Amino acid sequence: MTTEALPADWRPRPHTPLDAHDVHVWRVALADEARAASYWALLSDDERRRASRFVRDVHRRRFVLAHGALRIILAGYVGTEPTSLDFVTGEHGKPALRQGSGWPAVEFNLSHSDDLALVAVAHARPVGVDLERWSEGVEYLELAERFFSPGERDALRALAHAPRLVEQGFFAAWTRKEAYLKATGQGITRGLHHFDVALAPGDPPRLLADRLDDGATARWSMIALEPAPRYSAALVVAAPLGLVLQFTM
Ligand SMILES: CC(C)(COP(=O)(O)OP(=O)(O)OC[C@H]1O[C@@H](n2cnc3c(N)ncnc32)[C@H](O)[C@@H]1OP(=O)(O)O)[C@@H](O)C(=O)NCCC(=O)NCCS
């Protein structure tokens, strides 16, 4: 497919150059039915098969929008057409771009929650992003017992005097832990309890320790993102981190 053949909203948008240490984060709304219909043509057979497996229309629409947008965004950095991109999957499921000859070494990560997605893009450096919409009626301290490390549980309990802070701290930790697991690409294969992230409001987002990887705290940068009200998000990228530029599409 040539650029000329693409309807206007499929054209790769003008991109700010991606400098070596910078990360670009794109916020993508996943609610537009008409746009979803037009993105269908951008997807691979495999992506269409995955989309078709969703039982509910809303989930199919979100998948098509997220993956169509991912292709448009990445094509802009690589300098090719969205349909020309091909993806490979790492040992634990992390998707990466299959390199074409002469293409820049673009790395990315995708996260979606409800009607919003984030795509983080970095140059030749692993990156992870996680987005969570705050859910109602969650027993945060109970969930933390299952998913958080002992140090994180203590930090969350220290906020128990203010339910609002517990909610904020819980989603801060959840997204930071997920973003770290997604940056390393290991997912939950090594569990969730062997590393600690800072979670208290006011404490800078940071990997505090990884008991399975001594040098990790110096090798990874972590920041919090605020994509929309009642969403938490975090970005983790191999250090050093330059600028984080945010875009909406
Ligand atoms: C994919 C995973 C790493 C994150 O899943 P998630 O938070 O539910 O979903 P997100 O929307 O943030 O990310 C999904 C995207 O991450 C990417 N992804 C998949 N596997 C990945 C991996 N191993 N590493 C990095 N990215 C991955 C894919 O692009 C995927 O999108 P797709 O499903 O539309 O193709 C999941 O396998 C996982 O490990 N979940 C852990 C759940 C958990 O117990 N969390 C507790 C946190 S305290």
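The structure is a predicted model, in which local features need pLDDT of at least 70, side-chain atom pairs count only at pLDDT 80 or more, and totals for chains, interfaces and linings use all residues. Residues are numbered from 1 along each chain as its sequence is written, and side-chain values use heavy atoms, with hydrogens and water left out. The domain assignment divides the chain into domain 1 (23-130) and domain 2 (133-234); such bounds come from an automatic or database domain assignment. Helices (H or I, at least four residues) and strands (E, at least two) are DSSP runs, numbered from the N terminus.

**Domains**

- The C-alpha centres of domain 1 and domain 2 are 25 Å apart.
- Between the domains, 17 residues of domain 1 are in contact with 18 residues of domain 2, where contact means heavy atoms within 4.5 Å.

**The four-stranded sheet**

- Strands of a sheet pair through backbone hydrogen bonds, either parallel or antiparallel.
- Four strands form an open sheet in the order S4-S5-S1-S11, with mixed pairing; two strands pair if DSSP finds at least two bridges between them.
- Strand S4 (106-113) and strand S11 (244-248) are at the edges, each with a single partner strand, so one side of each has no neighbour in the sheet.
- From one strand to the next, the twist averages 20 degrees; axes are lines fitted to C-alpha atoms, for helices over the stretch in contact, and angles run from 0 to 180 degrees between N-to-C directions.
- Strand S1 (residues 23-29) and S11 run parallel and are joined by five bridges.
- Val25 has Gln246 as its bridge partner in S11.
- Helix H3 lies across S1, S4, strand S5 (116-123) and S11, and runs at about 160 degrees to S4.

**The three-stranded sheet**

- A further open sheet has three strands in the order S6-S10-S9, with antiparallel pairing.
- Its edge strands are S6 and strand S9 (220-225), each of which pairs on one side only.
- The twist in this sheet averages 15 degrees from one strand to the next.
- Six bridges link S9 and S10 in the antiparallel sense.
- Trp220 stands opposite Ala238 in S10, and Ile223 has Leu235 as its bridge partner in S10.
- Helix H6 (residues 163-184) packs on this sheet and touches S6, S9 and S10; the direction of H6 makes about 150 degrees with that of S6.

**Helix pair H2 and H3**

- The axes of helix H2 (residues 45-52) and helix H3 (residues 57-78) come within 9 Å and cross at roughly 160 degrees.
- H2 and H3 are therefore roughly antiparallel to each other; angles under 35 degrees count as roughly parallel, over 145 as roughly antiparallel, 65 to 115 as roughly perpendicular and the rest as oblique.
- The H2 and H3 crossing is right-handed; a crossing is left-handed if the near helix is turned anticlockwise from the far one by less than a right angle, and right-handed if clockwise.
- H2 contributes Glu47, Arg50, Ala51 and Ser52 to the contact, and H3 contributes Arg60, Phe63, Val64, His67 and Arg71.
- The residues of this H2 and H3 contact comprise three nonpolar, two polar and four charged; Ala, Val, Leu, Ile, Met, Phe, Trp, Tyr, Cys and Pro count as nonpolar, Asp, Glu, Lys and Arg as charged, and the others, Gly among them, as polar.

**Helix pair H4 and H5**

- Helix H4 (residues 140-147) and helix H5 (residues 150-157) have axes that come within 9 Å and cross at roughly 165 degrees.
- H4 and H5 are therefore roughly antiparallel to each other, and their crossing is right-handed.
- In H4, Tyr140, Leu141, Ala144 and Glu145 meet Arg153, Leu156 and Arg157 of H5.
- The contact of H4 with H5 has four nonpolar, no polar and three charged residues.

**Backbone geometry**

- Most residues other than glycine have a negative phi, and most peptide bonds are trans.
- Ala239 and Pro240 are joined by a cis peptide bond, with omega about 0 degrees; Pro240 is in the loop between strand S10 (231-238) and S11.
- Ala124 has a positive phi near 55 degrees and is found in the loop between S5 and strand S6 (127-133).
- Arg230 takes a positive phi near 60 degrees in the hairpin of S9 and S10, which has five residues between the strands.
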